Amino acid sequence: MKRLILLIILLLIISGCNNEKKIKCTQNSLQEGYGLTTQDITLYHKNNKATNYEYKIKVSLEDNMKDYLDNFYSSIINSFADYKNKNGITLNNQKDKLSITISLAINLDKINKEDNTLLHFDKEKNIEDIKKSLEIDGYICK
């Protein structure tokens with residue numbers, strides 16, 4: 001019996017009983033002649049406050065746009081330049097034959113006030129208010 005209780009406690013510790021939850025929001029937009037843009041935002045939250053924020057944008061271009069892929073990629077990378085080398089922010093990018101993917105992972109507890117302003121994100125806001133704002137902006141949240 002003691003082993004069973006010890007095993008249950010160990011499983012709770014390993015599985016992370018920190019009560020962190022997540023909300024995932026997605027927005028798709030099709031631009032005729034260019035392609036499909038998908039934006040995903042995942043908000044991790046605890047005690048009704050956001051703790052981590054993940055943003056991913058994938059632009060899938062149509063075949064007729066493949067000659068412009070490199071220029072488009074450079075333009076997108078430059079628009080995310082302010083997020084490079086910031087404490088608490090991880091930026092990744094990827095380019096394939098006809099798509100570009102940019103990912104931002106943000107630990108809201110590690111970023112400073114100036115970088116938080118750069119993100120245009122109020123980490124003190126209630127998670128339901130953040131979700132409502134995203135839905136007003138056209139995201140579908142689960």
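Me: Is Asn48 buried, partly exposed or exposed, and at what relative accessibility?

Reply: The general idea: buried means under 20% relative accessible area, exposed over 50%, and partly exposed in between (1.4 Å probe, protein chains only). Asn48 comes out at 34%, so it counts as partly exposed. Bear in mind that this is a predicted model, where local features need pLDDT of at least 70, side-chain atom pairs count only at pLDDT 80 or more, and totals for chains, interfaces and linings use all residues. Residues are numbered from 1 along each chain as its sequence is written, and side-chain values use heavy atoms, with hydrogens and water left out.

Me: Where is Asn48, and what is its phi?

Reply: Helices (H or I, at least four residues) and strands (E, at least two) are DSSP runs, numbered from the N terminus. Asn48 lies in the loop between strand S2 (35-46) and S3. Its phi is positive, about 70°, although Asn48 is not a glycine.

Me: How about Asn85: buried or exposed?

Reply: Asn85 counts as exposed, at 81% relative accessibility. You'll find Asn85 in the loop between helix H2 (69-79) and strand S4 (89-95), and Asn85 has a positive phi too, about 55°.

Me: What pattern does the chain follow along the sequence?

Reply: Reading along, you get α-β-β-β-α-β-β-α-α-β, with four helices and six strands.

Me: What share of the contacts links residues 24 or more positions apart?

Reply: A contact means heavy atoms within 4.5 Å. Here, such pairs account for 52% of the contacts with a separation of 6 or more. As for burial, 32% of the 142 residues are buried.
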